[in-house]
Amino acid sequence: MSNSLENIFISLKQAQKTLADENRAAKDRALAAAAAEIDKNRAQILEANARDTEKARLGGMKESLVDRLFLNDKRIDGIIEGIDIVIKQEDPIGKVQAGWALPNGLKVEKVTVPVGVAAIIYESRPNVTADCAALAYKAGCSILLRGSSSALESNRALVKAIKAGLANGGGTADAVALAESGSRDEVDLILKARGYIDVVLPRGGHELIRRVVENARVPVIETGEGNCHIYVEPSFLQTDIDRAIEIILNAKLQKPGVCNAVETLLVHREALAALMPKLAEKIAGRAELRCDAASKACLADRLAVKDATEEDWETEFLDNILAVKTVDSCDDAITHINKYGTKHSEAILTYDLRSAEIFRSRIDAACVYVNASTRFTDGGQFGFGAELGISTQKFHARGPMGLEALTTIKYLVTGCGQIRE
């Protein structure tokens, strides 16, 4: 193991023991100071980010992914606001979830405690650096941040400010660390760090998540790629066709490079004629449509579209591309989604209560929407202030992960001399 990385592991483990003893007031004070330091150093952070984005563009990174990397004053404000919301939330540690007395007189309490040392491996998006540092600190966990090389300058500037702020606020600055060599070997060392790292969270594309899940020797909370869908029924279009188009465009175009953007539109056959020409008109010049035969036939010569392939149904485009498939029923839509979806976020547009009920019940995903954009799957939008990622697995945590995702439980048992017969 790399000596420098091993030293970081040891430091994080020691820092977590100190942090676990801090009360809510101490943690909140340290986080407030970290937010203030980010604000104070925003010029340096933006300068570092400008170097990252310039390098990314020169390297040929597509613009939708450059947008994930990019910071400006508004996004810095959003980072600070996210930390402030975390500060205002209840301390998740030390909560008595349940308590009971046994017939032998033993008293049992089920209490929340920190997971310990977390590591997050993520791509681009420097806001993740601040979000995860704040959530981990409030949850009493130390955290190792391993961002991608494309955001290295931004992450260095952010972590420097966060650590300075934690120290200024009387907190435990060593509870936050950045793995910054940029080497791919670094990831393998983190994944094998049994005894040092208690949980690893991969946050990024399919290849990153697969690599972590297949190679980790420490527990993993799997965050997901987002091959998300919207299914449109005729009942919604009878009164709200303009709203349907607005929802679809928002889900696809508001930020196409994120995991909760819609990638495939499923349209009931009886809704095609009403929806497709108007949608094509609104999306022209903004996104590429990849249509099956039936949806393409509705467009005549209005718009040049590509023929959809089997691969398109499986693809998280993270780009201005929308696949369109015709289905004959809600059952058909559910079957398609459960086959090709990534268990992230799925939506139905309908005023048929039975369809909505079936869709909610049978879709296997972390977040299921009725008559709304998938873009709301986000810790900030859910009121968490920030998020560690969107978990698409079913154990421990699912959906947007806030403070509780970094807690586990401890049973406290109090007796008065009992022995087991």
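**Entry 1: Thr 172**

I looked up the contacts of Thr 172 (contact: heavy atoms within 4.5 Å) and, leaving out residues up to four places away in sequence, found Ala 15, Thr 18, Leu 19, Glu 22, Tyr 137 and Leu 166. The model is a predicted one, in which local features need pLDDT of at least 70 and side-chain atom pairs count only at pLDDT 80 or more, whereas totals for chains, interfaces and linings use all residues. Residues are numbered from 1 along each chain as its sequence is written, and side-chain values use heavy atoms, with hydrogens and water left out.

I placed Thr 172 in the loop between α7 (152-168) and β5 (176-178). Helices (H or I, at least four residues) and strands (E, at least two) are DSSP runs, numbered from the N terminus. I noted 11% relative accessibility for Thr 172, which therefore counts as buried; buried means under 20% relative accessible area, exposed over 50%, and partly exposed in between (1.4 Å probe, protein chains only). The side chains of Thr 172 and Glu 22 are joined by a polar contact of 2.6 Å. A polar contact is a pair of N or O atoms within 3.5 Å; within protein, one must be able to donate a hydrogen and the other to accept it, and residues adjacent in sequence count only if both atoms are side-chain atoms.

**Entry 2: Leu 166 and the cores**

I then followed Leu 166, whose contacts, not counting residues up to four places away in sequence, include Ala 30, Leu 31, Ala 34, Tyr 137 and Val 176. I next examined the nonpolar cores (sets of buried Ala, Val, Leu, Ile, Met, Phe, Trp, Tyr and Cys residues joined through side-chain atoms within 4.5 Å). The largest has 51 residues, of which Ile 38, Leu 145 and Leu 166 touch the most other members. Helix α6 (residues 127-138) gives the largest share of this core, 8 residues. I also recorded a second, separate core of 33 residues, with Leu 237, Leu 249, Leu 275 and Ala 280 among them.

**Entry 3: The sheet**

I traced an open sheet of 4 strands in the order β5-β4-β3-β6, with parallel pairing; two strands pair if DSSP finds at least two bridges between them. At the edges stand β5 and β6 (199-203), each with a single partner strand, so one side of each has no neighbour in the sheet. From one strand to the next the twist averages 20°. Axes are lines fitted to C-alpha atoms, for helices over the stretch in contact, and angles run from 0 to 180 degrees between N-to-C directions.

Strand β3 (residues 117-122) pairs with strand β4 (residues 142-146) in the parallel sense over 5 bridges. I found Ile 120 opposite Leu 145 in β4. Helix α6 packs on the sheet, touching β3, β4, β5 and β6, and its direction makes about 165° with that of β4.

**Entry 4: Salt bridges**

I took a salt bridge as a side-chain nitrogen of Lys or Arg within 4 Å of a carboxyl oxygen of Asp or Glu. The count by this rule is 32 salt bridges. In the one between Asp 188 and Arg 211, the closest N and O atoms are 3.1 Å apart. Asp 188 belongs to helix α8 (residues 184-191) and Arg 211 to helix α9 (residues 206-215), so the pair ties together parts 23 residues apart in sequence.

I also checked Lys 252 and Glu 263, whose salt bridge has its closest N and O atoms 2.7 Å apart. Lys 252 is buried at a relative accessible area of 0%, and Glu 263 counts as buried at 0% relative accessibility.
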